[in-house]
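This briefing goes through one protein structure by topic. Please keep the sequence and the 3D view at hand while reading.

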Amino acid sequence: MTWRERMMTSVGPGLLGGITFRQWIDLLWQERFAVDPARLPRALSITFQSLKNSAFHYCERHRYDSLVEKVSIEPPLFVLGHWRSGTTHLHHLLAQDRRFAFPNGYQTAFPHTFLTTEARDSRLMSFFVPKRRPMDNMALSLALPQEDEFALCTACLKSPCMGWVFPRRRKHFGRYLSFRDASLDEIAEWRAAFQLFVKKLTWKYRRPLVLKSPPHTCRIRLLLEMFPGAKFVHIHRDPYAVFQSTRKTFETMFRWQALQRPDLGDLDHWVLEQYREMYDVFFEERNLIPPGSYHEIAFEELENDPVGELRNLYQALRLPDFRAVEADIQRYTTSLRGYQKNQFPVLQPQLEAQIGNMWQTSIKEWGYAR
């Protein structure tokens, strides 16, 4: 573990580094100040950062609210797929096309203030950010594409990722995965936060956005209501590999985010149930997407032929001329040569059977049966 990783796991504010002081106090009150003593340094770091965020949030609203409100959002392209299914790889590939824009790591960490603070603070903060993601050794940078779920987690606290911060309350925050069990007020708050974040990005870049968030996989109805004309690409991967990689990722997130000691004995059940809920809703809502606005990719095929799979994607969704970006995508894929994926031990037969039973719809749909 590098010194940057040690710092992030001990005192880093994690997902809550961008919240305001009012949000932080309200959240602590809601959670009855249930912060474990060992996590108090992280809580203090969040408190300090929230005071700074509050001041800059006031400045940002005063300066930019009237400008952002006038923005017209172009229909985004959404990258769908469960955690560890290849969504990040696909997002990075699409980000090579400069005719699109994307939220970066700084903007998703500081959705309240990035228009005001990014130019000044991002370079300084980058010094403290580890150079590689701890769960898979992919490049990590505040300038790289990042999932908008982290921005929503900060902007309105309505995200299943809050379960990484307060793992003893994961069922409470789990209702924000698909929002089917959320109240109308909660949905409205989430929609308003999401729309504002997208408007701010659109005002900054003046280009259509490519957005990636695993939970969006089971929010298709909501996304179509908010962004008529949106396009969707879904990527799937061998569910047995997804299970092992997701389990490792969540363990990592607890080290980087948690304010409470997690019960890792319950982790397998959490991963199994969350995946099943996500894809039960996905298969129900997928047909709501109009013809010509949805495309599906297998991670294994994208890995073998990224340029060919991207060409097919551009054709299927009628995106701008692929030839204009083909060389850039080829250069990017060449830069990844030598990257080594995580290796996992063989699954125990009982757990493998449990995955096959609980995720059988996905396994049959994409032909991953063993």
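The model is predicted: local features need pLDDT of at least 70 and side-chain atom pairs count only at pLDDT 80 or more, while totals for chains, interfaces and linings use all residues. Residues are numbered from 1 along each chain as its sequence is written, and side-chain values use heavy atoms, with hydrogens and water left out.

**The sheet**

- Four strands form an open sheet in the order β2-β1-β3-β4, with parallel pairing; strands are DSSP runs of E with at least two residues, helices are runs of H or I with at least four, and both are numbered from the N terminus.
- Two strands pair if DSSP finds at least two bridges between them.
- Strands of a sheet pair through backbone hydrogen bonds, either parallel or antiparallel.
- β2 (210–212) and β4 (294–298) are at the edges with a single partner strand each, so one side of each has no neighbour in the sheet.
- On average, neighbouring strands of this sheet are turned by 20 degrees against each other, direction ignored.
- Strand β1 (residues 77–80) runs parallel to β2 and is joined to β2 by three bridges.
- Phenylalanine 78 is opposite leucine 211 in β2.

**Helices on the sheet**

- Helix α4 (residues 87–94) lies across β1, β2, β3 (231–236) and β4, at about 170 degrees to β2; angles run from 0 to 180 degrees between N-to-C directions, and axes are lines fitted to C-alpha atoms, for helices over the stretch in contact.
- Helix α13 (residues 267–285) also packs on the sheet, where α13 touches β1, β3 and β4 and makes about 135 degrees with the direction of β3.

**The pair α3 and α6**

- Helix α3 (residues 40–69) and helix α6 (residues 114–126) pack at about 120 degrees, with axes 8 Å apart.
- α3 and α6 are therefore oblique to each other; angles under 35 degrees count as roughly parallel, over 145 as roughly antiparallel, 65 to 115 as roughly perpendicular and the rest as oblique.
- Residues of α3 including Phe56 and Tyr64 meet residues of α6, among them Leu115 and Arg120; contact means heavy atoms within 4.5 Å.
- The contact of α3 with α6 has five nonpolar, two polar and four charged residues; Ala, Val, Leu, Ile, Met, Phe, Trp, Tyr, Cys and Pro count as nonpolar, Asp, Glu, Lys and Arg as charged, and the others, Gly among them, as polar.
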